[in-house]
Amino acid sequence: DGTEEGDIIDFGTASCQTEATAPAGSSISTNSDNLFCTAGCLINTDSCEYELTQCNNTVASIPDWDWPTTYVDSTITVTQTGTVTDVDADLVVTHTYVGDLEMFMDWGTYLADQSNTVNLGSDLCSVSDNVNATFTDEASITAGVSCGSNPGISGDVRPVESLTKFDGRATNVVWHMVVGDDGIGDQGQVESWCLTLTYTTP
């Protein structure tokens, strides 16, 4: 066919193996619309995407009825360099009356620049208890549209504001999960959260 070893071949949207290797701590993304990047034939790997998950399992008590003066600011520091193409966040909160909660995610320093902040959900599901959910733009239902009793927010849910705000940004920053309480009488804590980044390498 006229091609030689080392040639760059355009396979369009077809699946093809490549020589791409995921950076340490990451895996090759299998949810990408781009070429699958496992080990194999020589093609241009510029469009290959990788997936990195990091978690913060430090339990933090949420100050009662003091939003926005005080709140939990739980952080994850990512050192892997790359450009974000997708963001998901898993969040576990034990708290009676979920409707008190304000949940935000931030790229960089929280509140330093509102353009860096995504509202995951505010004052949702009223009398329900607890959160155990994955906030992802790929979910079929928006958080708070359908509420359980316990947990009030669960499964895959779309955040109130799209996480695509983070697309195109650098991976290697301090990511923040911010949770506050704007109602009196009910208390709780952030149990854990995980950040999953899909990204391309420089």
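The model is predicted, so to speak of local features a pLDDT of at least 70 is needed, side-chain atom pairs count only at pLDDT 80 or more, and totals for chains, interfaces and linings use all residues. Residues are numbered from 1 along each chain as its sequence is written, and side-chain values use heavy atoms, with hydrogens and water left out.

Let us begin with strand E8, which covers residues 131–135. Helices (H or I, at least four residues) and strands (E, at least two) are DSSP runs, numbered from the N terminus.

Strand E5 (residues 83–95) is joined to E8 by five bridges, and the two run antiparallel. Within that pairing, Asp90 has Thr134 of E8 as its bridge partner. Strand E9 (residues 153–157) is likewise joined to E8 by five bridges, but here the strands run parallel. In this second pairing, Val131 stands opposite Ile153 of E9.

Asn130 is found in the loop between E7 and E8, and its phi is near 75 degrees, a positive value in a residue other than glycine. Asn130 is also buried, with a relative accessible area of 19%. In the loop between E8 and E9 one finds Pro151, and the peptide bond from Asn150 to Pro151 is cis, with omega near 0 degrees.

## The disulfides

How many disulfides does the structure hold? There are two, a disulfide being a pair of cysteine sulfur atoms within 2.5 Å. In general terms, a disulfide is a covalent bond between the sulfur atoms of two cysteines. The table sets the two links side by side.

| Pair | S–S distance | Angle about the S-S bond | Hand |
|---|---|---|---|
| Cys55 and Cys194 | 1.9 Å | 105 degrees | right-handed |
| Cys125 and Cys147 | 2.0 Å | -75 degrees | left-handed |

The link of Cys55 and Cys194 is right-handed, with 105 degrees about the S-S bond. Cys55 lies in strand E2 (residues 50–56) and Cys194 in strand E11 (residues 188–200), so this pair ties together parts that are 139 residues apart in sequence. Cys55 counts as partly exposed at 40% relative accessibility, whereas Cys194 is buried at 15%.

The link of Cys125 and Cys147 is left-handed, with -75 degrees about the S-S bond. Because Cys125 lies in the loop between strand E7 (117–122) and E8, and Cys147 in the loop between E8 and E9, the pair ties together parts that are 22 residues apart in sequence. Cys125 is buried at 10% relative accessibility, while Cys147 is partly exposed at 37%.

## Aromatic contacts

A search of the whole structure finds four aromatic pairs. Rings of Phe, Tyr and Trp (its six-membered ring) pair if their centres lie within 6.5 Å; planes under 30 degrees apart count as stacked, over 60 as edge-to-face and the rest as tilted. One of the pairs is that of Tyr50 and Tyr199, whose ring centres are 6.0 Å apart and whose planes meet at 45 degrees, so the pair is tilted. Tyr50 lies in strand E2 and Tyr199 in strand E11, so the pair ties together parts that are 149 residues apart in sequence. Tyr50 is buried, with a relative accessible area of 4%, and Tyr199 is buried, with a value of 0%.

Elsewhere, ring pairs link Trp67, Tyr71 and Phe104 into a cluster. What lies over the face of Trp107? That is Arg169, at 5.0 Å from the ring centre; a charge sits over a ring if NZ of Lys or CZ of Arg is within 6 Å of the ring centre and within 35 degrees of the ring normal.

## The loop between E3 and E4

Trp67 also takes part in a backbone feature: the peptide bond from Trp67 to Pro68 is cis, with omega near 0 degrees. Pro68 is found in the loop between strand E3 (60–62) and strand E4 (72–77). Trp65 is found in the loop between E3 and E4 as well. Its phi is near 55 degrees, a positive value in a residue other than glycine, and at 52% relative accessibility Trp65 counts as exposed.

Notes: Buried < 20%, exposed > 50% of the residue type's maximum accessible area, 1.4 Å probe, protein only. Pairing = 2+ DSSP bridges.
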